[in-house]
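Subject: Structure handover

Hello,

Here is the structure for your work on ring contacts and packing. Notes follow below it.

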Amino acid sequence: MSMNTRSMIFTIYGDYIRHYGNEIWIGSLIRLLKEFGHNDQAVRAAISRMSKQGWVKAEKRGNKSYYSLTERGVKRMEEAAKRIYKIRPEKWDGKWRILVYTIPEEKRSVRDELRKELVWSGFGTISNSCWISPNNLEKQVYDLIDKYEIEPYVDFFIAQYDGPHTNKLLVEKCWDLEEINKKYEEFISVYSQKYIIDKHKIQRGEMSDAECFVERTKLVHEYRKFLFIDPGLPEELLPNEWMGGHAAALFSDYYKELAVPASRFFESVFMDGNELKKKDEEYDVYDHPFIVE
């Protein structure tokens, strides 16, 4: 599985660097990404692109370059961590949030951005320009209205569905849960096998810290994809054979198995050229926003 250098850097910032003062020497970053087969040149090109896009900023100290997340980068990481909770089934209040908009053609780019954000927040479309969600997303909706300055073009309702069909049938119209379930099944079939093999290897001392670091990063990278497709529906609206819960439990067990050796490897690389004392005292290596207790 080859992974894009830029998105790997984002994953490593989100999973490690942000707990260690949010900053890293480029030499350490190159050393970490080498474990995934990314060379020096690819890392420098990716970080320079991220810098131009305003995600990270560089600082020279002596002859060393250090990269830290900008305010925008930190905000994106925090947003992502919050949005992760959307794949935890919520208790449903029986109401639907409905957003209807008529955004003019000259604002097409705003409309496209808004669509992406609505999908990412867990909304589904019931018809053109009409989006619904059973989750309490009022705050997100009003944040989006402010962010894109679209107040004149939108209407937002909180309502109960009065038929003639069932709420579950309404869900089937708006989301392809069968397809999402299939993706969960694929994740489970690949990672349950890997988990058992790696667990035994770790217990027998046959897996290096560097290998645990690689596997933990790949695991997070793969599981994160569900954020883009799973709307995080309440349990009452999910099909009986829903695999999301199994996938979450597998992620949690596998992550915890790899956590200590993976962090040990990260710290061994980070120590050279960076300050370990910037580590967040409250950081718990066993904890991850994706883990549902």
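A charge sits over a ring if NZ of Lys or CZ of Arg is within 6 Å of the ring centre and within 35 degrees of the ring normal. Lys-64 lies over the face of Trp-25, 4.4 Å from the ring centre.

The model is predicted: local features need pLDDT of at least 70, side-chain atom pairs count only at pLDDT 80 or more, and totals for chains, interfaces and linings use all residues. Residues are numbered from 1 along each chain as its sequence is written, and side-chain values use heavy atoms, without hydrogens and water.

Ring pairs next. Rings of Phe, Tyr and Trp (its six-membered ring) pair if their centres lie within 6.5 Å; planes under 30 degrees apart count as stacked, over 60 as edge-to-face and the rest as tilted. The count is 22 aromatic pairs. Phe-187 and Phe-226 have ring centres 5.7 Å apart and planes at 90°, so they are edge-to-face. They sit 39 residues apart in the chain, in helices H8 (residues 177-203) and H10 (residues 226-229); helices are DSSP runs of H or I, at least four residues, numbered from the N terminus. Phe-187 is buried, at 5% relative accessible area; buried means under 20%, with a 1.4 Å probe and protein chains only. Phe-226 is buried too, at 5%.

Phe-266 and Phe-270 have centres 5.3 Å apart and planes at 25°, so this pair is stacked. Both lie in helix H11, four residues apart, about one turn.

Regards

Notes: Helices (H or I, at least four residues) and strands (E, at least two) are DSSP runs, numbered from the N terminus. Buried means under 20% relative accessible area, exposed over 50%, partly exposed in between (1.4 Å probe, protein chains only).
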